[in-house]
Amino acid sequence: MNRFFSTLFAFITLISLSCSKTDNDNGVIETVITNVDKPNIILILADDMGLDATPGYNTFGAVKPMMPNLQAMLNDGIKFTNLWAYAVCSPTRASIITGKYGFRTQVSKPGDDLSLNETSLQKYMANENTGYANAVIGKWHLSDDESHPNNLGVDYYAGMLSGGVRSYSSWDLVENGQTTTVNEYTTTKLTDLAINWIDNQSQPWFLWLAYNAPHTPFHLPPNDLHFQGDLPSDTASINANPIPYYMAMLEAMDTEMGRLFNSLSDQERANTIFVFVGDNGTPNRVVQSYPRQRAKNSIYQGGVNVPMVISGKNVERKNTEENAVINTTDLFATIANIAGVNVTEINDSKSFKPLLTSSSGAIRKYAYSDVTNNSGAIDYAVTDGIYKYIAFSDNTEALYNLIESPLESENLLDSTPLSIADSNAKSALSAELERIKNN
């Protein structure tokens, strides 16, 4: 169905759903609006993008990519500063799609499969009769089974199942269970797929667009997609100084995001909410500000504190910063809430939809994350947005005041005795950690 007929059908459907006939005081039949159109939802996931690599988060990272489309979202929406994800991608993705902490779904590290017994966000929205079409396009990394996304409730899936690709210009595309080799730049191809899918929708839609950029292999994207200038493309040059290439990959993603946004009609764009999230911290080869061993894969802020920007339909707060503590699990309830489901809390997920219209205070008191290493040992962390407590797998502990020590350079437990405030914070955070682990 082409764009004209798709839009016309959607308009007619909207009128039929949102209008009713009533008698006024004079007995004349009038049309009364009883329901408003539901917003389309785009969730964009960037792969391996921490605060240090994100425009607008200027506390960290001296070098920033030029991302005018993300900057436009920042100008027109909300920058969230206290979002916690997992330090690697699979647990983060599982936490969003299930609203559960990783230890509950057994997805705690890359390579873990998400059970088909879990209720995905897409299935939940369908079960609640939201009327939304859904698609996941891009990186999956929750199973190697080609049918896994569809079996989990995704109407249309197209992307790569694995954690990364060997080459951004030659890779395996899985589309609704069928695999083909594609020789197109991944960021561009995924955007093409997203545009084509949206063009064929005649009802409200939820698009999960998971770019694999800027995940390794670091490389030089097509020149028309980035702003880093004339860089050599040989492996030795990239290995010697990978940061410009990493920035170029982010800029290429932003350019393609802009192409996606511009493909929407004015009516569609005005009726769409845009959510941009990083899935974990920046890789240590290209990390800035944070110590290299406290980036991706670590329980420190450089691994788990990630960017999130939201703008678009019904986002009334503009060019503002929100410091409320949020977990990536909370996207489950929030997106369902935006889609019309009357839910404020489910599993480990709390809806932060109220924050889109007002700074109404804390949605949750604590954020939680953990990291599982290759031996199966786990580091745990909890924060209240000011203090952060870490229980390491070797039975040592750390306590940080993130306001006074945002790079976690001063472990308060190295100083004795603790102040009353520090001691009370440690007690509260450690108690919350035990509650989560045993609940």
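In this predicted model, the charged end of Lys437 sits over the ring of Tyr380, at 4.3 Å from the ring centre. Tyr380 is the bridge partner, in β17, of Asp370. Strand β17 covers residues 378–383 and is joined to β16 by six bridges, the two strands running antiparallel.

These strands belong to an open sheet of four strands, in the order β16-β17-β18-β19, with antiparallel pairing. At its edges are β16 (367–372) and β19 (397–401), each of which pairs on one side only. On average, neighbouring strands of the sheet are turned by 15 degrees against each other, direction ignored. Helix α13, which comprises residues 420–438, lies across β16, β17, β18 (387–391) and β19. The helix runs at about 55 degrees to β18.

A second case of a charge over an aromatic ring involves Arg294, which lies over the face of Tyr300 at 3.8 Å from the ring centre.

The largest nonpolar core has 57 residues. Those with the most contacts inside this core are Met49, Ile137, Trp197, Leu207, Leu209, Met253 and Phe276. Helix α9 (residues 243–263) gives the most to the core, contributing ten residues. The surroundings of Met253 can be followed residue by residue: leaving aside neighbours within four places in sequence, Met253 is in contact with Ala46, Met49, Met67, Thr187, Tyr211, Ala213 and Phe276. Apart from this core lies another, of 47 residues, which includes Leu152, Val154, Ala210 and Val341.

Contacts between aromatic rings form a further theme. The model contains 13 aromatic pairs. One of them is formed by Tyr124 and Phe332, whose ring centres are 5.2 Å apart and whose planes make an angle of 40 degrees, a tilted arrangement. Tyr124 lies in helix α5 (residues 121–127) and Phe332 in helix α12 (residues 330–338), so the pair ties together parts that are 208 residues apart in sequence. Both Tyr124 and Phe332 are buried. Elsewhere, ring pairs link Tyr101, Phe103 and Tyr368 into a cluster.

Note on methods:
Residues are numbered from 1 along each chain as its sequence is written. This is a predicted model: local features need pLDDT of at least 70, side-chain atom pairs count only at pLDDT 80 or more; totals for chains, interfaces and linings use all residues. Side-chain values use heavy atoms; hydrogens and water are left out. Two strands pair if DSSP finds at least two bridges between them. Axes are lines fitted to C-alpha atoms, for helices over the stretch in contact, and angles run from 0 to 180 degrees between N-to-C directions. Contact means heavy atoms within 4.5 Å. A nonpolar core is a set of buried Ala, Val, Leu, Ile, Met, Phe, Trp, Tyr and Cys residues joined through side-chain atoms within 4.5 Å. Buried means under 20% relative accessible area, exposed over 50%, partly exposed in between (1.4 Å probe, protein chains only). Rings of Phe, Tyr and Trp (its six-membered ring) pair if their centres lie within 6.5 Å; planes under 30 degrees apart count as stacked, over 60 as edge-to-face and the rest as tilted. A charge sits over a ring if NZ of Lys or CZ of Arg is within 6 Å of the ring centre and within 35 degrees of the ring normal.
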